[in-house]
Amino acid sequence: MRIFLPALLLLSAGCAELPRLEPSLSERDWNIALAETRRNVDAGNYYAADRILAEFARRHPDTREARETAFWRAAYLVDPANPLGSLEIGIAALDAYLASEPQGWYRDAAEVLRHTAAGAHALAIGARTGWAPDTVVLVAAPDSAPPPRRSRDEEIAALRDQLARSNAELAKANAELDRIKKRLANPSP
């Protein structure tokens with residue numbers, strides 16, 4: 001009996017599932033795909049970066065990593081340096097990621113990036129149309145006198161000032177997008 005019990009314990013321990021020390025094939029491929037994607041983005045080749053992510057998702061369907069490619073593809077679409085992307089398309093892609101991945105690895109970052117992209121998009125529209133978010137519309141009370149009319153030159157100067165403010169806000173939003181993109185590309189463990 002003394003020999004039987006240790007042998008039984010040794011045999012049962014050998015059948016027990018031990019934690020994995022090595023990453024799975026999809027995890028290794030994921031890390032390689034992200035590194036290769038980043039190299040292509042750094043080189044300005046957004047088309048190749050997108051193809052790498054799409055190919056990863058095709059080769060590893062139904063994995064968590066494959067679902068997370070949607071975040072990176074969306075993030076690169078809102079990158080101002082990406083000639084293939086746009087804020088509108090990127091915002092829609094971020095919305096799709098957020099809707100489909102309630103427990104996504106990059107959910108918090110996607111929400112911040114989506115809000116920042118939406119703000120940049122609003123500023124870009126404002127710069128094109130002359131609208132600025134800090135514009136205050138004054139509504140005169142019925143018994144008050146209307147505000148005095150400005151001359152054409154005063155209106156042009158005011159619109160130029162408004163455009164300059166919008167451009168400065170757009171530059172700040174783009175800088176924030178760049179900062180977020182760099183932070184997301186090098187996440188801390």
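Author: A salt bridge is a side-chain nitrogen of Lys or Arg within 4 Å of a carboxyl oxygen of Asp or Glu. Arg 67 forms such a bridge with Glu 101, with 3.3 Å between the closest N and O atoms. This is a predicted model, in which local features need pLDDT of at least 70 and side-chain atom pairs count only at pLDDT 80 or more, while totals for chains, interfaces and linings use all residues. Residues are numbered from 1 along each chain as its sequence is written, and side-chain values use heavy atoms, with hydrogens and water left out.

Reader: Which parts does the pair of Arg 67 and Glu 101 tie together?

Author: Arg 67 lies in helix α4 and Glu 101 in the loop between α5 and α6, so the pair ties together parts that are 34 residues apart in sequence. Helices (H or I, at least four residues) and strands (E, at least two) are DSSP runs, numbered from the N terminus.

Reader: Is Glu 101 buried or exposed?

Author: Glu 101 is buried, because its relative accessible area is 8%. Buried means under 20% relative accessible area, exposed over 50%, and partly exposed in between (1.4 Å probe, protein chains only). Arg 67 counts as partly exposed, at 37% relative accessibility.

Reader: How many salt bridges are there by this rule?

Author: The count comes to 11 salt bridges. In one of them, Glu 68 pairs with Arg 64, and the closest N and O atoms are 3.5 Å apart. Both residues lie in helix α4 (residues 64-77), four residues apart, which is about one turn of the helix. Glu 68 is buried, with a relative accessible area of 0%, whereas Arg 64 is partly exposed at 28%.

Reader: What about Arg 39: with which residue does it form a salt bridge?

Author: Its partner is Glu 36, and 2.7 Å separates the closest N and O atoms. Helix α2 (residues 25-42) holds both Arg 39 and Glu 36, three residues apart, about one turn of the helix. Glu 36 is partly exposed, because its relative accessibility is 31%.

Reader: Let us change topic. How many cavities of 30 Å³ or more does a search of the whole structure find?

Author: The search finds one, and the largest cavity has a volume of about 50 Å³. On a 1 Å grid over the protein atoms alone, a cavity is a set of points where a 1.4 Å probe fits but cannot get out, and a pocket is an open set with protein on both sides within 12 Å along at least five of seven lines; lining residues have an atom within 4 Å of a point. Grid points are joined across faces, edges and corners, and a volume is the space filled by probe spheres set on the points.

Reader: Which helix gives the most to the lining of the largest cavity?

Author: Helix α7 (residues 152-185) does, with three residues. The residues that line this cavity include Val 78, Leu 113 and Leu 177.

Reader: And which residues does Ile 91 touch?

Author: Leaving out residues up to four places away in sequence, Ile 91 touches Val 78, Arg 114, Ala 117, Ala 118 and His 121 (contact means heavy atoms within 4.5 Å). Ile 91 is found in helix α5 (residues 87-100) and is buried, with a relative accessible area of 10%. The C-alpha atoms of Ile 91 and His 115 are separated by 8.7 Å, and these two residues are 24 residues apart along the chain.
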